[in-house]
Amino acid sequence: MPAKVEEAERIVEASPPPERPWVPAVVGRDLVTREKVRTGKLSRAAVRLSNEHIIRVNAASQLVILPSLIAGRPLGFDMRKGEIYLHS
């Protein structure tokens with residue numbers, strides 16, 4: 001499992017590569033390399049990495065899962081906009 005949606009509150013969406021349409025990112029959804037995750041206004045999510053670290057994604061944010069993020073190494077995501085918190 002590369003990464004997984006751990007929590008999803010309100011509008012949380014994912015876009016699998018390459019540039020597929022946005023779909024609801026429900027709790028338990030596996031995320032693959034280069035998949036995008038975004039949250040809507042007043043929404044938030046948590047993504048669990050393979051090393052058990054959790055990224056909390058705040059409202060109106062978007063990030064891309066990169067190979068090093070899956071491996072649990074730092075700077076393994078492309079933060080397109082918004083705000084996140086990393087819990088180890």
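Two strands are said to pair if DSSP finds at least two bridges between them. Helices (H or I, at least four residues) and strands (E, at least two) are themselves DSSP runs, numbered from the N terminus. Lysine 36 stands opposite valine 64 in β8. Lysine 36 itself is placed in strand β5, and β5 and β8 pair in the antiparallel sense over three bridges.

The structure is a predicted model, in which local features need pLDDT of at least 70 and side-chain atom pairs count only at pLDDT 80 or more, while totals for chains, interfaces and linings use all residues. Residues are numbered from 1 along each chain as its sequence is written, and side-chain values use heavy atoms, with hydrogens and water left out.

Read from the N terminus, its elements follow the order β-β-β-β-β-β-β-β-α-β-β. The chain has 88 residues, of which 34% are buried. Here, buried means under 20% relative accessible area, exposed means over 50%, and partly exposed lies in between (1.4 Å probe, protein chains only). The accessible surface of the protein chain is about 5100 Å², and carbon and sulfur atoms account for 54% of that surface. Accessible areas come from the Shrake-Rupley method with a 1.4 Å probe; for residues, only the protein chains shown count as cover. A contact is defined by heavy atoms within 4.5 Å. Of the contacts in the protein chain between residues at least 6 apart in sequence, 45% join residues at least 24 apart.

Strand β8 (residues 62-65) is covered on both faces. Gln62 and Val64 are buried on one side of β8, and Leu63 and Ile65 are buried on the other.

The side chain of lysine 36 makes a polar contact with that of glutamate 19, at 2.9 Å. A polar contact is a pair of N or O atoms within 3.5 Å; within protein, one must be able to donate a hydrogen and the other to accept it, and residues adjacent in sequence count only if both atoms are side-chain atoms.

A salt bridge is a side-chain nitrogen of Lys or Arg within 4 Å of a carboxyl oxygen of Asp or Glu. By this rule, eight salt bridges are counted. One of them joins the side chains of glutamate 13 and arginine 38 (2.7 Å, N to O). Glutamate 13 belongs to strand β2 (residues 12-15) and arginine 38 to strand β5, so this pair ties together parts that are 25 residues apart in sequence. Arginine 38 is partly exposed, with a relative accessible area of 27%.

The side chains of lysine 36 and glutamate 19 also meet in a salt bridge (2.9 Å, N to O). This pair links distant parts of the chain, with lysine 36 in strand β5 and glutamate 19, 17 residues apart from it, in the loop between β2 and β3 (23-24). Whereas lysine 36 is buried, glutamate 19 is exposed, with a relative accessible area of 63%. A further salt bridge is formed by the side chains of glutamate 52 and arginine 48 (2.9 Å, N to O). Glutamate 52 is partly exposed, at 47% relative accessibility. Glu6, Arg48 and Glu52 are linked in a network of salt bridges.

Valine 57 is part of strand β7 (residues 54-57) and is buried, at 1% relative accessibility. Neighbours within four places in sequence aside, valine 57 is in contact with Thr39, Arg44, Ala45, Leu63, Glu83 and Ile84. Its C-alpha atom is separated by 9.7 Å from that of glutamate 7, 50 residues apart along the chain. Valine 26 lies in the loop between β3 and β4 and is exposed, with a relative accessible area of 52%. The C-alpha atoms of valine 26 and isoleucine 11 are separated by 9.6 Å, the two residues being 15 residues apart along the chain.
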